[in-house]
Amino acid sequence: MSLPRFFRGIRLPLLFLLVSLLGGAVAHAKELKIETKLIWGTNEEKSPKKEHEPVDEATAAKLRKVFKWKNYFVERKVTGTVPSRGSNQFKLSDKCIIEITELEGPKVEVKLIGKGQPVHKAIQEIRKGEWFVYTGDDDKHECSWFVIITELDEK
């Protein structure tokens, strides 16, 4: 069976276009260098933990625009990689683990695991140098915790 004359001439360009499109989709799959920070938000001037450091002023200013706390402290920072189309876990404390999976497009799936149990799952767009936040309240202490996730720029 032969193709109509019109299709005979475009088979090669069509094949090239198809391979280019598929190759482009595969090109977006990449290993991500990720930084995760466990942040404590409070109205207290100082953290009760000596090892806590205040977040940088630019980050604090952005957080203050959204959240009610005056001060923000870094409890722990973990940097690692997420393999192309794979997952990695970032242990931020004995009670908090973040699992990140690289997805198609500039997106990741983020799973928040608290005390060994899944707490929250979301798909988020991620871009180098930008960050996004997950948060929860601690009503007992009138404070809040945050997880800031950033894709690092590998320059």
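In the predicted model, Val-110 is in contact (heavy atoms within 4.5 Å) with Ile-98, Glu-99, Ile-100, His-120, Lys-121, Ala-122, Phe-132, Tyr-134 and Ile-149, its neighbours within four places in sequence being left aside. Residues are numbered from 1 along each chain as its sequence is written. The model being predicted, local features need pLDDT of at least 70 and side-chain atom pairs count only at pLDDT 80 or more, whereas totals for chains, interfaces and linings use all residues; side-chain values use heavy atoms, with hydrogens and water left out.

Val-110 belongs to the largest nonpolar core, which has 19 residues, and is listed with Ile-34, Ile-98, Ile-100, Val-147 and Ile-149 as having the most contacts inside it. Such a core is a set of buried Ala, Val, Leu, Ile, Met, Phe, Trp, Tyr and Cys residues joined through side-chain atoms within 4.5 Å, where buried denotes under 20% relative accessible area, exposed over 50% and partly exposed in between (1.4 Å probe, protein chains only). Two or more residues each are given to this core by strands E1 (32-42), E3 (71-82), E5 (96-103), E6 (107-114), E8 (131-138) and E9 (143-151); strands are DSSP runs of at least two residues and helices (H or I) of at least four, numbered from the N terminus. Another core, of 9 residues, lies apart and includes Ile-39, Ala-60, Tyr-72 and Phe-146.

Pro-106 is located in the loop between E5 and E6 and counts as partly exposed because its relative accessibility is 34%. Beyond residues up to four places away in sequence, Pro-106 touches Gln-124, Glu-125, Ile-126 and Arg-127.

Overall, the protein chain contains 2 helices and 9 strands, and 34% of its 155 residues are buried.
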